[in-house]
Amino acid sequence: MNKKGTNNMLAVLSDDNKKYLRCKRQLSLEDSLSVDKPSYNVIKDDIRVHKRYRRGVTSTWNIIQLPTIPDFYIKEKTSVAVMNAKPQCVADRIVQCAKVLSADCYYDDQKAEATLSINQMELCVQLFKVSDNTRNMVVVETRRKNGSPISFHKVARAILNAAKGNAISMTSSFTAKSQTKNLITHEENKEDNDVTVAGTIEKVESLLRKDRVDAKLLGMESLLHLTTSGSSSKNMALFTANVILNGWKNDVIKDTVFSLITKSNDEENESENVVENGFNQRMRICALSLLANSLEAISDNKQGGGDGGIADLELKLSNDEWVEDGGILWSLVEILKISESSLQEAYFAAKCLKTALEASTDLISWATEREIFKVVELSQKVGHCTHNLLGRASDDLMLCLGHGKTSDVRSGSWPVE
């Protein structure tokens, strides 16, 4: 259609239809990222709130008014029409589904729009009404903003089914199973694997040395694949875990991962560029996930009587690098303190702390002296309200600290099929 024809078509549309028709466009780079809000120093109840305010994570979605779907609006294929249901009922179903999927959520009550982030993938959910005469029909549309298309279709299918009132069917991708316990176990040549992983590690180091945030993120995601179930073997995971925890050659990978974790709450490292902040937040989640996978891989190998040339985990965790103020463990606790601002970061931080405490009785004493259980209680409440995986991880962490019983802490959790 030429420009003249487009102008003639816009001329016959209402102002509301023009607005929504023009919104159907390619997302900008800034729109396509999960970025932080501008930073402010706020005093609340005489307690200084942390400077960085990520986009608020909310647990309720109160629909004020549904926008009318425009006449010439082209719906996504990943959409569904829900009949004989009120908009608030549909929204409540989606909120409950997001909790079961353990997604970071942001709900816009005015626009009847939700943004969900899960497994390094982000999507939008938009509710529409067809007209004022069809108040009991709600159109639910999902759109991918960034991340894996495969993950998007799995999540979108679950959300659309939940919106229609169907039972939430969970696949293995979204359950709380360990990512390292089901690593590929077929017979393999250890020397060949070490050579393959060493070559990959060198490529990752070259990416992390670059000054481009997209290259660094690619390097972190490549490392994550080496420790993730289904994409790596046991020997590869152990080799990578050793590199992350103990260093390798010039320690570029170890320093990068530890720096992302220990400086995650450092205000001075916040960039004024919202796009760069979005990449940095995704790298922090990758770093925490990497640390959790590495600790689990080494812990499981020790329990199975393996060695693999990896230093004793308990001795490693007792280093000043881990236990001193501002060290790894203290940084994980600080992340749990602000669990509401980033549920995914808090979930991986809780997993790391759980594995570390199980590996060392000295660390349990360290956590008890500092009353870490009070921080875990906060993340536990947040998790059971909005993020199932965080709730379960906090439950396990409380048990490690000797507080609470399984039947008590999980009585309010939502069942997962």
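Predicted model: local features only at pLDDT ≥ 70, side-chain atom pairs only at ≥ 80, totals over all residues.

Trainee: How are the directions of helix H15 (residues 372–386) and helix H16 (residues 388–400) related?

Mentor: The two helices pack with their axes 7 Å apart, at an angle of about 150 degrees. Angles over 145 degrees count as roughly antiparallel. Therefore H15 is, relative to H16, roughly antiparallel.

Trainee: Is the crossing of H15 and H16 left-handed or right-handed?

Mentor: The contact involves residues of H15 including Phe373, Val376 and Val382, and residues of H16 including Leu390, Leu397 and Met398. As H15 passes H16, the crossing is left-handed.

Trainee: How many residues of the contact of H15 with H16 are polar?

Mentor: Among the residues from H15 are Ser379, Gln380 and Thr386, and H16 contributes Asn388 and Ser394, among others. The contact divides into six nonpolar residues, two charged ones and, as the number asked for, eight polar.

Trainee: What is the volume of the second largest cavity?

Mentor: A search of the whole structure finds three cavities of 30 Å³ or more. For the second largest cavity, the volume is about 50 Å³.

Trainee: Which helices each supply at least two residues of the lining of the second largest cavity?

Mentor: The lining includes Leu353, Leu357, Trp366, Ala367, Ile372 and Val376. It divides into nine nonpolar residues, no polar and no charged. The helices that each supply at least two residues are H13 (343–359), H14 (361–369) and H15.

Methods:
Residues numbered from 1 in each chain as written. Heavy atoms only, no water. Axes fitted to C-alpha atoms, helices over the stretch in contact; angles between N-to-C directions. Helix = DSSP H or I, 4+ residues; strand = E, 2+ residues; numbered from the N terminus. Parallel < 35°, antiparallel > 145°, perpendicular 65-115°, else oblique. Left-handed = near helix turned anticlockwise from the far one by under 90°. Contact = heavy atoms within 4.5 Å. Nonpolar A, V, L, I, M, F, W, Y, C, P; charged D, E, K, R; others polar. 1 Å grid on protein atoms, 1.4 Å probe; cavity = no way out; pocket = protein on both sides within 12 Å on 5 of 7 lines; lining within 4 Å. Points joined across faces, edges and corners; volume = space filled by probe spheres on them.
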